[in-house]
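Have the sequence and the 3D view open as you read.

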Amino acid sequence: MNLSATLLARASDPGRTAVRELSRSLSYAELASRVVHFGGALHELGVVAGDRVVILLPDTIEAVVSILGAIHIGAIAVPLAEWSTALDIRAHVQDAQAVVAVVGGKTGPLLDQVRQEVTSL
């Protein structure tokens, strides 16, 4: 059992709110479904237990799902601050030996800069 499974299993009421933002929320049941689905998507990309997955997203529900989805399949989530510079991101990606990066919004172009120098992604 890992952190993802433990958190999702502790929900005594699947309809209870698990994650909330200002204008939306997910119940434990919805969160569990998205975590399993996202973990499956990572697995389809070839991510296996022990692989590092960089998460470069704003502090949103999607970031929570991405982190827990990586953990769910035994991968190691490496969350990075969305305000990181390309230089910082490159250093973290190289140090972590990440194989996949999850990006969204304005973080995509930053990762494009990094990908030119880091071939592991």
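Which residues are linked with R24 in a network of salt bridges? They are E21 and E62, which join R24 in that network. Please keep in mind that this is a predicted model.

**The salt bridges**

The model holds 4 salt bridges by the rule used here.

| Pair | N to O distance | Relative accessible area |
|---|---|---|
| R24 and E62 | 2.6 Å | R24 34%, E62 34% |
| R90 and E117 | 2.7 Å | R90 22%, E117 48% |
| R115 and D112 | 3.0 Å | R115 43%, D112 42% |

Let us begin with R24 and E62, whose side chains meet in a salt bridge. This pair links distant parts of the chain, 38 residues apart. R24 sits in the loop between β1 (17–20) and β2 (25–27), while E62 belongs to helix α3. Are these two residues buried, exposed or partly exposed? R24 is partly exposed, because its relative accessible area of 34% falls between the 20% and 50% limits. E62 counts as partly exposed too, at 34%.

Next come R90 and E117, which meet through their side chains at 2.7 Å, N to O. R90 is partly exposed at 22%, and E117 is partly exposed at 48%.

The pair R115 and D112 has its own setting: both residues lie in helix α5, 3 residues apart, which is about one turn of the helix. Their side chains meet at 3.0 Å, N to O. R115 counts as partly exposed, with 43% relative accessibility, and D112 is partly exposed at 42%.

**Around helix α3**

Helix α3 brings us back to E62, and it is also part of a piece of the fold that you can trace in the viewer. What kind of unit do β3, helix α3 and β4 make? Together they form a right-handed β-α-β unit, with the helix spanning residues 61–72. Strand β3 covers residues 52–56 and strand β4 covers residues 76–79. The two strands pair in the parallel sense, over 4 bridges. To find your place in this pairing, look for V53, which stands opposite A77 in β4.

How values were computed:
Residues are numbered from 1 along each chain as its sequence is written. This is a predicted model: local features need pLDDT of at least 70, side-chain atom pairs count only at pLDDT 80 or more; totals for chains, interfaces and linings use all residues. Side-chain values use heavy atoms; hydrogens and water are left out. Two strands pair if DSSP finds at least two bridges between them. A crossover is right-handed if, with the strands pointing away from the viewer, the path from the first strand over the helix to the second runs clockwise. Buried means under 20% relative accessible area, exposed over 50%, partly exposed in between (1.4 Å probe, protein chains only).
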